[in-house]
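Subject: Handover of a structure for your study

Dear colleague,

Please find the structure below, together with an account of what was found in it. I would ask you to keep it open while you read.

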Amino acid sequence: MTKPEMSNFLNDCRVFGLFGNPVGHSLSPLMHNAAYREMRFNALYVPFCVRNLEEAVRGIGAMSLGGVSITIPFKSAVVRYLDDVEESVHRIGAANTIVNNQGRLKGYNTDWIGFVRDLKEFMPVKGKTFAVLGAGGAARAVIFGILAEGGNIVVLNRTIRKGQALADEFGCSFSPPSEIAKLSADCFINTTPVGMYPNIEDAPLEPMDLKKFAHVVDIVYNPVKTKLLKDAEAAGCRIRSGIGMFVYQAAEQIRLWAGMEPPLDSMKRVVLERLEKYERD
Ligand code: ATR
């Protein structure tokens with residue numbers, strides 16, 4: 001870039017961000033910035049390690065940021081600071097995306113959209129039964145998405161009370177994880193952080209419990225093939241990692257912010273390359 005080109009680029013550049021704590025290891029800046037470059041969308045995506053959420057959200061308007069992604073641990077807490085939210089945010093109780101519309105901040109949840117898009121590429125959803133492990137924000141997005149597509153849910157969760165309450169809220173059934181042997185479902189989905197880097201030797205289920213599921217999905221994407229997925233593959237199940245959901249939820253954010261179609265293949269490639277590098281190092 002020549003000097004005048006650089007100066008124009010910076011003057012017109014829109015700024016988007018990631019609010020979380022910690023944010024140092026997030027792959028979102030890599031993926032978003034790679035997409036913006038390829039799309040020639042004159043914008044930068046910057047990670048912010050947020051210490052005061054309310055003030056940070058006020059800063060979006062104050063500094064004219066175009067929008068932000070929200071990640072752990074703020075997805076639920078952020079909702080009360082927004083001017084307006086989409087219906088899915090109410091139902092899921094969490095927002096992962098803010099759009100700054102001339103000072104009015106609107107919350108969206110693109111996690112469920114990303115999840116469902118990837119799941120539908122993996123297997124049919126309508127009329128199928130999904131055993132969903134976990135009762136946190138990720139589980140809520142997954143359950144909301146599957147129900148929206150006409151699938152059936154059985155919730156499993158370590159803390160029975162929390163799992164039962166979630167199942168009641170969404171009108172689905174609950175099973176304690178200890179009774180998994182009695183369960184019948186087409187697909188098992190892990191929404192807990194069990195098996196995520198650095199605890200890569202952990203798995204949320206015993207290998208012998210996996211055989212009965214034709215499909216196994218882990219929304220964890222680091223490592224790409226978790227212990228759960230390795231065990232499931234060895235048991236003859238079809239497997240799916242969280243990479244697709246991660247890329248698609250970001251793609252939906254870019255559609256909201258830029259109004260353009262993001263380069264999905266490049267986004268997935270930069271993320272996979274970085275994860276493979278982590279695994280080598
Ligand atoms: P998120 O919003 O990212 O989904 P969360 O709200 O902390 O995160 O929820 C994490 C979920 O993973 C919870 O359902 C938790 O189970 P409990 O309700 O019993 O706490 C589940 N989870 C976390 N660590 C777990 C572990 N080691 N074994 C089983 N479940 C676990």
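Helix α6 (residues 137-148) packs against helix α7 (residues 160-170) at an angle of about 30°, and their axes are 11 Å apart. That angle makes α6 roughly parallel to α7; angles under 35 degrees count as roughly parallel, over 145 as roughly antiparallel, 65 to 115 as roughly perpendicular and the rest as oblique. The axes are lines fitted to C-alpha atoms, for helices over the stretch in contact, and angles run from 0 to 180 degrees between N-to-C directions. Helices (H or I, at least four residues) and strands (E, at least two) are DSSP runs, numbered from the N terminus.

The model is predicted: local features need pLDDT of at least 70, side-chain atom pairs count only at pLDDT 80 or more, and totals for chains, interfaces and linings use all residues. Residues are numbered from 1 along each chain as its sequence is written, and side-chain values use heavy atoms, with hydrogens and water left out.

The crossing of α6 and α7 is right-handed. A crossing is called left-handed if the near helix is turned anticlockwise from the far one by less than a right angle, and right-handed if clockwise. On the α6 side the contact (heavy atoms within 4.5 Å) is made by A139, R140, I143, F144 and L147, and on the α7 side by L166, E169 and F170. These residues divide into six nonpolar, no polar and two charged. Here Ala, Val, Leu, Ile, Met, Phe, Trp, Tyr, Cys and Pro count as nonpolar, Asp, Glu, Lys and Arg as charged, and the others, Gly among them, as polar.

A second pair consists of helix α5 (residues 111-122) and helix α9 (residues 243-258), which pack at an angle of about 130° with their axes 7 Å apart. This makes α5 oblique to α9. Their crossing is right-handed. From α5 the contact involves D111, I113, G114, F115, R117, D118 and E121, and from α9 it involves G244, M245, Y248, Q249, E252 and R255. The residues of this contact divide into four nonpolar, three polar and six charged.

I turn next to the backbone. The peptide bond from I72 to P73 is cis, with omega near 5°, and P73 lies in the loop between β3 (67-70) and β4 (84-85). Another cis peptide bond runs from N222 to P223, with omega near 10°; P223 is in the loop between β11 (215-218) and α8 (227-234).

Two residues other than glycine have a positive phi: R40, near 55°, and Q102, about 50°. R40 is in the loop between α2 (28-39) and β2 (43-49), and at 78% relative accessibility R40 counts as exposed. Q102 is in the loop between β5 (97-101) and β6 (104-108), and Q102 also counts as exposed, at 81%. Buried means under 20% relative accessible area, exposed over 50%, and partly exposed in between (1.4 Å probe, protein chains only).

How many disulfides does the structure hold? The structure holds zero. A disulfide is a covalent bond between the sulfur atoms of two cysteines; the cut-off used is a pair of cysteine sulfur atoms within 2.5 Å. The sulfur of C172 is 15 Å from the closest cysteine sulfur, in C187, which is too far for a bond. C172 is buried, with a relative accessible area of 13%, and C13 is buried at 15%.

Yours sincerely
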